[in-house]
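Biologist: I am new to this structure. Please take me through it with a close look at a single part.

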Amino acid sequence: MRRRWLLLLLLAVAAIVALPWLGRAVPDPVLARLPGPAQVLLVGPAPAGLPAPATRVLLPARLPTLDFPTPPGRTGMASAGLPAPATPTLHPTAAAIGQPATTPMPPPVDLPTPTPDATLAPSWPAAVRLQGVNIVPQTFNNCGPANVSMVLNFYGVPLDQEATGTALKPTVTDRNVSPDEIVRYVRDRTRLEAAFFVGADVDLLRRYLAAGYPIIIEKGFSPPDEDWMGHYLTLVGYDDRAGHFIGMDTFLGPWGNQGREESYETVDAYWAQFNRALIVIHRPEQAAEVASLAGEVLTDPVRMWQEAARRAEADVMAAPADAFAWFRLGASLTHLGDVLEDRRFAPTAAAAFDQARTLGLPYRMLWYQFEPYAAYLAVGRPQDVLDLAEATLETRGGQTVEETHYYRGLALRALGDETGAQAAFIRALGLKGHYAAAQAALAGD
């Protein structure tokens, strides 16, 4: 009897020791189908969130206005009938990496509030329901390709989510497909066009739907029995009387093409967690209409990011405990500085990210949005980048996001570890071989 108990004890100890190995051996799609307790047993509990900064820059109780004048010579692109370009890729210049920002923040410049464009006054029907968008139940971690395939099919392009996924995420377990990757894919691989905007509002969504365009939005998502994650959702209708949108949710269904109804308030709250980003896929001859519906602010990258920053500033003033609002402020300022090639915005962006991290961000946040890395590098804080990248890499899904390895490489390079940086860039390219930023970094550009 004693020998039997000893054998059972040894087997139990061996099983406990082997659990980490077993967890790594279980494929992600299989692991995702296991009950929550089984997942915790195999891979351990999920992190509480991203690490708070060891030290942070404090912002004043009231932020200065972010009304900076538009550079001379810049005009809106809507008159040319051009869609807004994809999100600028945030790749700090070599001069910006590892060097503290010494330029003081510019004094605020008060500008008059723009007069709303009368042509954008609400004129849509009370209710709209587009036909011809058929629901696609996504395969594991494939909401981006699934939503893209649904909209491409609407326009008569017969590509399924396997085909779009193979191109958009060569590594099946890659947890992120960014909007700019979707825009480039549509433009380069199909006969269609795509436009990307941020800082939009519910009215713009309804305008596009009323004009006959299905809209893909990027949003936060809190499914049952799951932690917060990023998600894409295709909107196909709305009803002003009921106050809801109709969306084709590739994760939740329903699967009979009736769509899922969600209130304007719910959609906007989760949409705001991704800076109210939307993608409009359209035919080339519809480009002028797509731009006209968006308006001149959103079709000029500088004005678009300026307005997104102003709106985020208002959000943090109204709800200073909202970590996502602080993140939106930091992200908008980072992109604005990138578009203008102006580092004056970086200190405030980094401070906003400090505040967001202090308040608490989901551990998956940097699977999808990478602006904190760029902001911290621009102000000479590579250790913060390394801390965030390492925390993300400790999560199972974060290990297959190529951007994490790329920014980790930039941080290591700034800290003098060129060997580690090269290994990080190679790892990023192993996940996505055509990742241009990692190719350039590996070549020393």
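Biologist: Which residues does glycine 259 touch, not counting residues up to four places away in sequence?

Modeller: This is a predicted model. Glycine 259 touches Arg129, Ile246, Gly247, Met248 and Pro254, with residues up to four places away in sequence left out. Look for glycine 259 in the loop between strand S5 (244-248) and strand S6 (260-263). Glycine 259 is buried, because its relative accessible area is 12% and the cut-off for buried is under 20%. One of its contacts is Arg129. In sequence, glycine 259 and arginine 129 are 130 residues apart. In space, they are 9.8 Å apart, C-alpha to C-alpha.

Now move along the chain to helix H10 (residues 301-318). Aspartate 300 caps the N-terminal end of H10. A side-chain oxygen of aspartate 300 lies 2.9 Å from the backbone nitrogen of valine 302. H10 has 18 residues and should span 26 Å at 1.5 Å a residue. Its end C-alpha atoms are 26 Å apart, which agrees. The buried residues of H10 include Val302, Met304, Trp305, Arg310 and Glu313. The buried residues of H10 pack against strand S2 (193-197) and H11.

H11 leads on to another helix. The axes of H11 (residues 323-340) and H13 (residues 371-378) come within 9 Å and cross at roughly 65°. The crossing of H11 past H13 is left-handed. On the H11 side, Phe327, Ala331, Thr334 and His335 make the contact. They meet Glu371, Pro372, Ala374 and Ala375 in H13. By class, this contact has 5 nonpolar, 2 polar and 1 charged residues.

Key: Residues are numbered from 1 along each chain as its sequence is written. This is a predicted model: local features need pLDDT of at least 70, side-chain atom pairs count only at pLDDT 80 or more; totals for chains, interfaces and linings use all residues. Side-chain values use heavy atoms; hydrogens and water are left out. Axes are lines fitted to C-alpha atoms, for helices over the stretch in contact, and angles run from 0 to 180 degrees between N-to-C directions. Helices (H or I, at least four residues) and strands (E, at least two) are DSSP runs, numbered from the N terminus. A crossing is left-handed if the near helix is turned anticlockwise from the far one by less than a right angle, and right-handed if clockwise. Contact means heavy atoms within 4.5 Å. Ala, Val, Leu, Ile, Met, Phe, Trp, Tyr, Cys and Pro count as nonpolar, Asp, Glu, Lys and Arg as charged, and the others, Gly among them, as polar. The expected span of a helix is 1.5 Å times one less than its number of residues. Buried means under 20% relative accessible area, exposed over 50%, partly exposed in between (1.4 Å probe, protein chains only). A polar contact is a pair of N or O atoms within 3.5 Å; within protein, one must be able to donate a hydrogen and the other to accept it, and residues adjacent in sequence count only if both atoms are side-chain atoms.
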